[in-house]
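Please keep the structure open while reading.

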Amino acid sequence: MENRIRLGRSGLEVSPICYGSWQLSPRYWGDVAAADAVAAMRRAFEVGVNFYDTAGAYGDGLSERVMGEALEVLPRDQIVIATKVHHHFYPDGHRHPDLSARYVVDYCDEALERLRTDYVDLYQLHAWDPFTPIEETTAALERLRATGKVRAYGVSNFTVEQIRCARRCGDYATVQPRYSLLDRQGEADLLPYCQAEDLGVLVFSPLAHGVLAGKYKGTETFDDLRARNPRYQDERFKQLAAAVRGLQPIADKYGLSIVQLVLACTLAHPAIHCPIVGIKNPSQIEEAAGAMGKTIGREDYHAVRSALS
């Protein structure tokens, strides 16, 4: 039986694992073969994942174009596509924040063309725009929903106060924050607020850029954004990699890989509906999908959190 949950007040029925496509952003991750990504997106559907997240910022539309190619062969009424608007990008590569009404509407039309669909299930504001009144942005989102081009809308990278401000003037239904077992700041205020307000929560970077996947020894080097990340440097990287690999006995107890254990622990938080897992190839989504429907005991849950503190 397929695993499906209601994504909070959005009403969208989604798999508890969301396919993330940030990897199709060369400025951060280098080149990822489009053919591998297409194969992985299609494989995701075969293993029970129906929820796909992208954004204009990912490769200045590249991620949306690849996703459009991959998903056009799937039954549209059985998949849920989410994208995000914020960066106004230009052919010469420069970009700036823009949540003006005109750009929010124009960008939606461009995204639909790249995604090869006539509507997007979830349209998200990728970040707060201090220059544009949120009332203006929200009015544009409401017009898009009224025309059927958007089924629901939400936010990403907003603080609790920014979400409260936005919700005064519109039906924001979802929140996409950073969260992992190493990045738990949102547990203090953001996640309780979302839970109380029935907001759908899809968290990004649940594997903390891969360090929680259990595949590193702490001696590896990187030529992508991790090259500047302190977690992937020197003694700190070695200690963290060892702590993650030390989770193997708990994972074995439940017949899970370390990736699946970490995702199951992430899903154990009552406010979180979906972790968005960054995927580069079919085997990665097969492994991530194996976390759906899995639960672990309270003692082991806290043992995992303690090991990563």
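Arginine 305 lies in helix α12, residues 298-307. Helices here are DSSP runs of H or I with at least four residues, strands are runs of E with at least two, and both are numbered from the N terminus. The model is predicted: local features need pLDDT of at least 70, side-chain atom pairs count only at pLDDT 80 or more, and totals for chains, interfaces and linings use all residues. Residues are numbered from 1 along each chain as its sequence is written, and side-chain values use heavy atoms, with hydrogens and water left out.

Is arginine 305 buried or exposed? Arginine 305 is buried, with a relative accessible area of 14%. Buried means under 20%, exposed means over 50%, and partly exposed lies in between (1.4 Å probe, protein chains only). Which residues does arginine 305 contact, leaving aside neighbours within four places in sequence? They are Tyr179, Leu181, Arg184 and Glu187. Contact means heavy atoms within 4.5 Å.

**The whole protein**

The secondary structure comes to 12 helices and 12 strands. Of the 309 residues, 58% count as buried. The C-alpha trace spans about 50 × 40 × 40 Å along its principal axes. A compact globule with 309 residues would have a radius of gyration near 19 Å, and the protein agrees, at 19 Å. That radius is taken over C-alpha atoms, and the globule rule is 2.2 Å times the number of residues to the power 0.38.

Take the contacts between residues at least 6 apart in sequence: 75% of them join residues at least 24 apart.

The accessible surface comes to about 13200 Å², and 49% of it belongs to carbon and sulfur atoms. Areas come from the Shrake-Rupley method with a 1.4 Å probe; for residues, only the protein chains shown count as cover.

The protein has 35 positive and 40 negative side chains. The centres of the two sets lie 3 Å apart. Lys and Arg count as positive, Asp and Glu as negative; His and the chain ends are not counted. Each charge is placed at NZ of Lys, CZ of Arg, CG of Asp or CD of Glu.

Arginine 116 has a positive phi without being a glycine. Aspartate 198 is not a glycine either, and its phi is also positive.
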